[in-house]
Amino acid sequence: MRADAARNLELVLTTGARMLAEDPATSIAAIAAEAGVDRRTVYRRFTSREELLTAVYQARLDAIEAAIEAARLREAPVLVALYQYVQGIVRVNRTWPAEVSRMRSDPEIWARRLRAVEEVDRFLERATDEGFLRAGLPARWPGSVLGSLVRLSTKDLSVLNDVQAADVIVGTFLRALGTDAAR
């Protein structure tokens, strides 16, 4: 793909993610206009809103998987990995604010999402085993709390940059579920 075509695709996808998050009924023509490209350019790549939405979800998942990989959840020290992961996911949510629950309609996309959730859950189990999170919490609770904090940050912490937002989120998470070793 030519550099300008790749740039246009990225612009259409990020614009589409933002506009579809604000209004799920947004048309391809409106997305194209906001992205500053001809709607025929979008229609050459995507024949329907659903195809565009699927591409947005795929791009969001690519970004989530990249954030998980960059955080090195399996090998980095727990607190380093936690900060890196949260900072990366804050960036993902700000770039790709697509409604995650709509991903259920595509089995491949939903399976990828579940694999990402499982990877984070394994990391949080490691954090518990290494004494950074309280033991005895209900299964999935740390992941649910962390996920909720990150989702809230997209709007509530929008005045902060990704690093500052990660500091607030991780601090809140560790005050709620962490041990003395994590604080």
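Contact here means heavy atoms within 4.5 Å. The structure described is a predicted model.

Two packed helices are described by the angle between their axes and the distance between the axes. For helix α4 (residues 49–71) and helix α5 (residues 78–95), the angle is about 165° and the axes lie 8 Å apart. Angles over 145 degrees count as roughly antiparallel. α4 and α5 are therefore roughly antiparallel to each other. The crossing of α4 past α5 is right-handed. On the α4 side, the contact involves Arg-60, Ala-63, Ile-64, Ala-67, Ile-68 and Ala-71. These meet Ala-81, Gln-84, Tyr-85, Gly-88, Ile-89, Val-92 and Asn-93 of α5. By class, the residues of this contact are 9 nonpolar, 3 polar and 1 charged.

Helix α5 also packs against α8. The two axes come within 9 Å and cross at roughly 125°. That angle makes α5 oblique to α8. This crossing, too, is right-handed. From α5, the contact draws on Leu-79, Leu-82, Tyr-83, Val-86, Gln-87, Val-90, Arg-91 and Arg-94. From α8 come Asp-162, Val-163, Ala-165, Ala-166, Asp-167, Ile-169, Val-170, Phe-173 and Leu-174. The contact of α5 with α8 comprises 12 nonpolar residues, 1 polar and 4 charged.

In soluble globular proteins, nonpolar side chains tend to be buried together. The largest nonpolar core of this model holds 59 residues. Within this core, Leu-13, Tyr-85, Val-86, Leu-146 and Phe-173 touch the most other members. At least two core residues come from each of α1 (3–22), α2 (28–35), α4, α5, α6 (107–129), α7 (141–156) and α8 (162–177). α4 supplies the largest share, 11 residues.

Leaving aside neighbours within four places in sequence, Phe-173 is in contact with Leu-82, Leu-124, Leu-133, Pro-142, Val-145, Leu-146, Leu-149 and Gly-178.

Ile-28 lies in helix α2. Residues with under 20% relative accessible area count as buried. At 2%, Ile-28 is therefore buried. Not counting residues up to four places away in sequence, Ile-28 touches Val-42, Tyr-43, Phe-46, Ser-48, Arg-49 and Leu-52. Asn-161 is 133 residues from Ile-28 in sequence. In space, the two are 30 Å apart, C-alpha to C-alpha.

Methods: Residues numbered from 1 in each chain as written. Predicted model: local features only at pLDDT ≥ 70, side-chain atom pairs only at ≥ 80, totals over all residues. Heavy atoms only, no water. Axes fitted to C-alpha atoms, helices over the stretch in contact; angles between N-to-C directions. Helix = DSSP H or I, 4+ residues; strand = E, 2+ residues; numbered from the N terminus. Parallel < 35°, antiparallel > 145°, perpendicular 65-115°, else oblique. Left-handed = near helix turned anticlockwise from the far one by under 90°. Nonpolar A, V, L, I, M, F, W, Y, C, P; charged D, E, K, R; others polar. Core = buried A, V, L, I, M, F, W, Y, C linked by side-chain atoms within 4.5 Å. Buried < 20%, exposed > 50% of the residue type's maximum accessible area, 1.4 Å probe, protein only.
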